[in-house]
Amino acid sequence: MGAIKDVFHRMGSPRFFYQGSSLWVRGLYIGGSLGLIVGSFWGLVLAPPDKYQGDSFRIMYMHVPSAHLAEMVYFACAVAGFVYVVWRMKMADVFIAAAAPVGAVLTMLALASGILWGMPTWGTGWVWDMRTTSVLVLLFLFFGLIALRQAIPRPGRAAYSVAILALVGVINIPIIKYSVDWFATLHQPASITFVDEPAIETSMLWPLLFNAIGFYIFVAGVILAAMRVEVLKREWATEWVRAFTRGK
Amino acid sequence: MMGNFGVQFRRDLLVAIRARTETANPIAFFVLALSLFVFAVGTDSETLPRVAPGVVWVVALFAAMLSTENLFQRDHDDGSLELMLLDSRPLFLGVLGKLLAHWSVSGLPVAILSPLAAVFINAPFEIIAILVGTLLLGTPVLTLIGGIGAALTAGLGRGGLLLAVLVMPLYIPVLIFGSGACYRVLDGATATAPVLWLIVLLAGSITLAPFAIGAALRGSQEY
């Protein structure tokens with residue numbers, strides 16, 4: 001218990017975090033790439049084409065993990081916001097600052113791949129259904145996190161305000177989802193959904209799992225690398241960063 | 001206990017009444033923006049009644065957002081915000097009092113004017129009651145959510161675009177249920193479900209938003 005507490009406290013120190021995380025980034029990049037390579041090869045080459053959609057379903061192997069990760073990254077931002085508001089841990093704010101742009105890019109990736117997938121299968125790139133709309137709102141929430149930080153010059157206020165905004169946004173995510181779900185039944189668009197299909201075939205499921213895990217690990221690596229940059233930017237005036245930038 | 005609520009409510013209402021032209025701005029905006037929609041969509045008797053409820057709702061939403069922009073600005077500039085934060089009485093009630101005062105000079109007049117606006121843009125008569133009702137339920141939610149954005153941006157001197165980016169995603173459910181209820185009535189269905197959802201949003205935002213606003217206001221004093 002004491003050891004865990006010790007690590008927890010030391011992770012709150014930007015210096016310890018920076019020095020301790022360099023191997024982790026490499027490990028996460030390698031692990032994530034392996035998962036993505038295996039999953040993508042399996043999904044794009046080995047998996048059978050879909051009975052109805054042919055090969056166009058294969059974009060699922062990017063669409064599903066990126067959409068899932070986008071939401072998880074926002075949720076993680078909200079957790080970090082809670083940690084910052086309650087315990088004022090500096091590293092929690094560093095996490096939000098690093099993760100928000102990554103989350104925004106993942107959301108855009110999910111939307112773009114969704115449009116590309118929708119065109120051959122739905123016959124339209126964009127449908128205002130529950131999923132699409134809530135993910136679009138998620139993108140705006142990420143933009144809000146980035147824009148608010150940019151707008152506030154004082155770092156303490158910026159960190160606190162962004163943390164509050166992240167928390168406020170997470171309360172709205174389920175509301176948006178259910179409301180739009182409900183709303184969509186009002187003007188139900190004619191669209192094929194996968195909800196009605198029976199469970200996904202195992203030969204298609206396995207590569208998806210590999211890709212999803214690969215996405216998780218790779219995104220963790222990207223965020224960690226971005227956090228390291230953020231730490232250097234914030235601690236530039238400290239002795240250890242100066243020693244580091246002078247080249248030891 | 002209610003002291004803080006009453007004090008803030010009375011004070012802000014008095015300020016709003018004395019700054020008459022500023023207070024009238026959201027209402028003037030509401031009417032002007034509506035007429036812009038009519039010019040853009042055209043006075044076609046087929047389309048105008050069909051888009052009317054949505055247009056009224058969107059314009060009411062913009063009016064609410066633009067008016068919340070400087071909800072805390074003046075108090076931040078003259079220091080009375082700090083006094084409110086230093087007050088030992090619950091910040092929750094003070095914030096609620098301020099927001100109620102703000103709503104009664106922005107959202108309430110818009111809701112009261114909406115039948116006139118509905119006639120103005122050829123909305124069918126049967127939706128007028130539901131339009132006023134949903135606006136009465138929905139605009140307080142808009143004020144409460146907008147208050148969070150206003151508190152986060154208080155004293156930054158950045159204009160409404162930042163506030164729009166922060167607040168608009170959170171406005172979406174209100175808009176969906178508000179105009180959804182009107183369209184249900186327009187289509188001859190009952191609007192009970194969206195109205196109940198609006199009440200849920202109102203109850204939820206009254207209980208939660210003042211906490212977030214209070215936290216954001218405290219954060220505005222941090223360095």
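Select B:Met168: is this residue buried, exposed or partly exposed? B:Met168 has 19 C-beta neighbours inside 10 Å, so the residue counts as partly exposed. The cut-offs are 20 or more other C-beta atoms within 10 Å of the residue's own for buried, 12 or fewer for exposed, and partly exposed in between, with C-beta atoms placed from the backbone. This is a predicted model, in which local features need pLDDT of at least 70 and side-chain atom pairs count only at pLDDT 80 or more, while totals for chains, interfaces and linings use all residues. Residues are numbered from 1 along each chain as its sequence is written, and chains are lettered from A and ligands numbered from 1 in the order in which they are written.

B:Met168 sits in helix H9 of chain B. Helices (H or I, at least four residues) and strands (E, at least two) are DSSP runs, numbered from the N terminus.

Next, show both chains and look at where they touch. The contact involves 26 residues of chain A and 25 residues of chain B; two residues are in contact if their C-beta atoms, placed from the backbone, lie within 7 Å. On the chain B side, helices H8 (128-153), H9 (160-186) and H10 (192-220) each supply at least two residues. Which helix gives the most to that side? H9(B) does, with 11 residues. By class, the chain B side has 19 nonpolar, four polar and two charged residues. Here Ala, Val, Leu, Ile, Met, Phe, Trp, Tyr, Cys and Pro count as nonpolar, Asp, Glu, Lys and Arg as charged, and the others, Gly among them, as polar.

Stay in chain B and select helix H7 (residues 107-120) together with H8(B). Their axes are 9 Å apart and pack at an angle of about 155°. Axes are lines fitted to C-alpha atoms, for helices over the stretch in contact, and angles run from 0 to 180 degrees between N-to-C directions. H7(B) is therefore roughly antiparallel to H8(B). Angles under 35 degrees count as roughly parallel, over 145 as roughly antiparallel, 65 to 115 as roughly perpendicular and the rest as oblique. Residues in this contact include B:Val110 and B:Ser114 of H7(B) and B:Leu135 and B:Thr139 of H8(B). The contact has 11 nonpolar, four polar and no charged residues.

Now move to chain A, which has eight helices and zero strands. Of its 248 residues, 37% count as buried. Select residues 23-47 and 67-87 of chain A, which are among the stretches that an unreviewed UniProt entry lists as "transmembrane region"; positions follow the numbering used here, feature names are shortened, and annotations may be inferred rather than shown by experiment. Residues 23-47 are 96% helix, with end C-alpha atoms 34 Å apart. Residues 67-87 are 100% helix, with end C-alpha atoms 30 Å apart.

Last, select helix H4 (residues 90-121) and helix H7 (residues 202-234) of chain A. Their axes come within 8 Å and cross at roughly 135°, so H4(A) and H7(A) are oblique to each other. Among the contact residues are A:Ala98 and A:Val102 of H4(A) and A:Ile223 and A:Glu230 of H7(A). By class, this contact has 13 nonpolar, no polar and one charged residues.
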